[in-house]
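Here is a walk through a structure, from its parts to a few single residues. Keep the sequence and the 3D view side by side as you read.

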Amino acid sequence: MTTPRKHRVTEALWGYAFIAPTALGLGLFYLWPVLQTAYFSFTEWGAFGGHTFSGLDNYERLVHDPEMGRALVNTFAYTLLGLLSIPLAIVFAALLNRKMRGVSVYRTFFFLPVVTMPVAVAMVWRWLYNGDYGLINYGLSLVGVDGPNWVADPDTALYALVVIGVWSSVGYNLIIFLAGMQAIPADYYEAAALDGAGAFRQFFRITLPLLSPTAFFVSVVSVIGSLQLFDLVYVISGSGAAARANPAFPRLQTVVQLFYDRAFVTNDRGYGAAIVMALLLIIVVLTAIQFRLQKRWVHYA
Amino acid sequence: MPDKGRRIGLHAVLIVASVLMVTPFVWQIVTSLKTLSSATSVPPTLLPEGHWANYGRVFDLLPFGTQFLNTLITALARTVGQVFLCSMAAYAFARLRFPGRNFLFGLFLSVLMVPPQLFIIPQYEIMSDLGWLNSLPALIVPGLFSAFGVFLLRQFFLGLPVELEEAARIDGANPWRIYWSIVLPLARPGMVALAVLVLLWSWNDLFWPLVVNTDPDKMTLAAGLASLQGQYQTDYPVLMAGSLLASVPVIAVFVFLQRQFIQGIAQTGIKG
């Protein structure tokens with residue numbers, strides 16, 4: 001017989017053994033790097049490796065960098081407009097939340113873009129948006145509209161990007177809203193129907209309020225995701241020489257794209273680190289604001 | 001019959017939306033089967049032409065076969081490794097008692113709160129110090145560890161009944177045996193849900209592969225494909241063929257494992 005004390009020690013040793021690989025991996029590749037990035041943001045990197053402490057220089061540059069300013073404006077605009085995906089997803093989730101033939105087929109169609117490689121998605125849309133031979137401008141020409149060169153036109157590029165973002169995220173949000181709707185007890189709807197409430201009234205009086213915690217969650221996750229936009233815009237705007245040739249590039253470049261460029265193209269890693277520290281700060285602040293505002297519109301049952 | 005009219009209206013709305021969702025894919029396929037000159041004719045021809053040579057051209061422009069293998073090996077290694085390592089840690093956090101458990105779990109969770117861009121410069125420096133740049137280990141190793149996976153599986157383990165484990169423990173089985181032969185078989189659905197998500201993220205990921213592997217023979221498909229635009233940005237039929245070949249494997253997995261995909265996302269709501 002083992003004593004309880006000895007037993008406790010054995011169990012603890014097993015526990016540490018079980019978590020050891022992941023703890024070491026997370027420590028080395030994730031936790032320690034966060035601290036290092038924070039430190040790097042106060043350093044300047046030489047052309048041949050090695051870095052020296054440079055105090056707040058990077059942050060001072062960051063505040064006065066017009067390119068960072070534009071990247072922030074683009075990223076915020078993309079994030080805000082991208083929230084359109086939420087009402088769309090709610091409406092389609094409500095339409096699909098019933099026993100009906102074809103529901104799973106429709107759901108699959110909505111979900112296809114979610115599982116498709118963003119690089120591939122961006123390439124296909126670039127082709128659809130092509131000013132001369134794109135399908136979209138062909139469609140517009142049929143109704144007599146001469147469409148712009150969407151992703152190369154500074155006036156339309158960001159909106160064109162938002163459309164792709166909404167198209168590829170609506171299916172993902174829809175799945176979460178469907179799960180949320182299925183958690184609403186059916187008796188609520190039965191009681192409302194007995195009181196004579198129609199489908200629209202039920203949607204606005206029951207579904208929407210009870211779905212608001214889900215909507216809050218989706219909006220927090222979407223904002224965090226949009227602020228980190230990279231893959232789509234990297235292909236849409238072009239990179240390197242192609243990007244410089246695109247007149248809409250200043251209206252497209254996002255914060256993470258600027259980070260990529262500074263940290264890994266011009267190898268200005270200290271400045272790159274400062275950019276992502278700023279991104280972290282922005283994410284924390286915007287998430288905190290959303291948590292603050294939720295009291296005004298989120299109903300917890 | 002107003003009910004029938006309503007149902008037709010509902011289907012009409014859903015069909016229009018479905019067409020909007022699917023048209024880009026259809027146009028991708030149609031274009032991939034055209035010659036460049038017919039793809040750029042005005043007005044466009046709407047039907048495919050059976051010009052399969054574009055698919056062969058993809059293999060001329062890129063070491064596509066090699067990149068496909070790189071992507072597959074990376075995705076499989078990350079998926080198997082991550083599900084295995086995360087399930088071990090998750091089991092310990094869900095069932096075993098040890099000093100510092102809550103603190104360590106909180107520390108793991110804190111990784112989830114940080115945008116992944118903050119890891120990348122130091123991770124790159126580690127890969128560079130190890131001499132791993134332009135190699136498969138660079139693509140695989142950091143992706144073996146995941147706070148998200150630990151969190152997801154811990155939630156799943158907490159929902160499993162403890163009776164079987166108790167019985168095994170009284171019979172003298174050690175935690176490894178209990179984990180391996182009792183908990184893991186019960187946890188299959190949770191592990192499959194995690195596996196499909198990891199597979200999807202790993203296959204589609206761009207930023208990290210783009211940064212660590214710049215040699216075309218060591219790239220993944222996402223990075224390889226992205227490198228084509230710029231050089232070949234006007235040869236759309238070939239780009240469409242390449243992007244289709246690169247994205248179809250994951251789409252196929254999704255169609256087969258649709259339920260698990262959707263469950264994983266509905267349960268966690270976290271995007272890669």
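Helices (H or I, at least four residues) and strands (E, at least two) are DSSP runs, numbered from the N terminus. With that in hand, start at a loop of chain B. Pro43(B) lies between helix H2 (36–39) and helix H3 (53–61) of chain B, in the loop. The peptide bond that leads from Val42(B) to Pro43(B) is cis, and its omega is near -5°.

A word on the source. This is a predicted model, in which local features need pLDDT of at least 70 and side-chain atom pairs count only at pLDDT 80 or more, while totals for chains, interfaces and linings use all residues. Residues are numbered from 1 along each chain as its sequence is written, and chains are lettered from A and ligands numbered from 1 in the order in which they are written.

Now take chain A as a whole. Its parts are domain 1 (4–40) and domain 2 (59–297). Such bounds come from an automatic or database domain assignment. Taken over C-alpha atoms, the centres of domain 1 and domain 2 of chain A are 36 Å apart.

Next, see how the chains meet. Two residues are in contact if their C-beta atoms, placed from the backbone, lie within 7 Å. By that rule, 74 residues of chain B are in contact with 70 residues of chain A. On the chain B side, helix H1 (residues 2–32) of chain B gives the largest share, 12 residues. That side of chain B has 57 nonpolar, 14 polar and 3 charged residues. Here Ala, Val, Leu, Ile, Met, Phe, Trp, Tyr, Cys and Pro count as nonpolar, Asp, Glu, Lys and Arg as charged, and the others, Gly among them, as polar.

One helix pair links the two chains. Helix H1 (residues 4–40) of chain A packs with helix H6 (residues 117–129) of chain B at an angle of about 90°, and their axes are 7 Å apart. H1(A) is therefore roughly perpendicular to H6(B). Angles of 65 to 115 degrees count as roughly perpendicular, under 35 as roughly parallel, over 145 as roughly antiparallel and the rest as oblique. The axes are lines fitted to C-alpha atoms, for helices over the stretch in contact, and angles run from 0 to 180 degrees between N-to-C directions. Which residues of H1(A) make the contact? They are Phe29(A), Tyr30(A), Pro33(A), Val34(A), Gln36(A), Thr37(A) and Phe40(A). From H6(B) come Leu118(B), Phe119(B), Ile121(B), Pro122(B) and Gln123(B). By class, this contact has 9 nonpolar, 3 polar and no charged residues.

Stay with chain B for helix H8 (residues 147–158). H8(B) has 12 residues and reaches 17 Å from its first C-alpha to its last, close to the 16 Å expected at 1.5 Å a residue. The expected span is 1.5 Å times one less than the number of residues. H8(B) is mostly covered, with 10 of its 12 residues buried. A residue is buried if 20 or more other C-beta atoms lie within 10 Å of its own, exposed if 12 or fewer, and partly exposed in between, with C-beta atoms placed from the backbone. Among the buried residues of H8(B) are Phe148(B), Leu152(B) and Arg154(B).

Back in chain A, helix H15 (residues 269–297) has 29 residues. From first C-alpha to last, H15(A) reaches 42 Å, close to the 42 Å expected. Its buried residues include Arg269(A), Tyr271(A) and Leu279(A). In the loop between helix H14 (255–265) and H15 of chain A sits Asn267(A). Asn267(A) has a positive phi of about 55°, although it is not a glycine.

Last, two partly exposed residues of chain A. Phe42(A) is found in the loop between H1 and strand E1 (43–45) of chain A. Phe42(A) counts as partly exposed because it has 18 C-beta neighbours inside 10 Å. Phe42(A) and Tyr271(A) are 229 residues apart along the chain, yet their C-alpha atoms are separated by 8.4 Å. Ser219(A) lies in helix H10 (residues 199–227) of chain A. Ser219(A) is partly exposed, with 18 other C-beta atoms within 10 Å. Leaving out residues up to four places away in sequence, Ser219(A) touches Leu83(A), Ile86(A) and Gln290(A).
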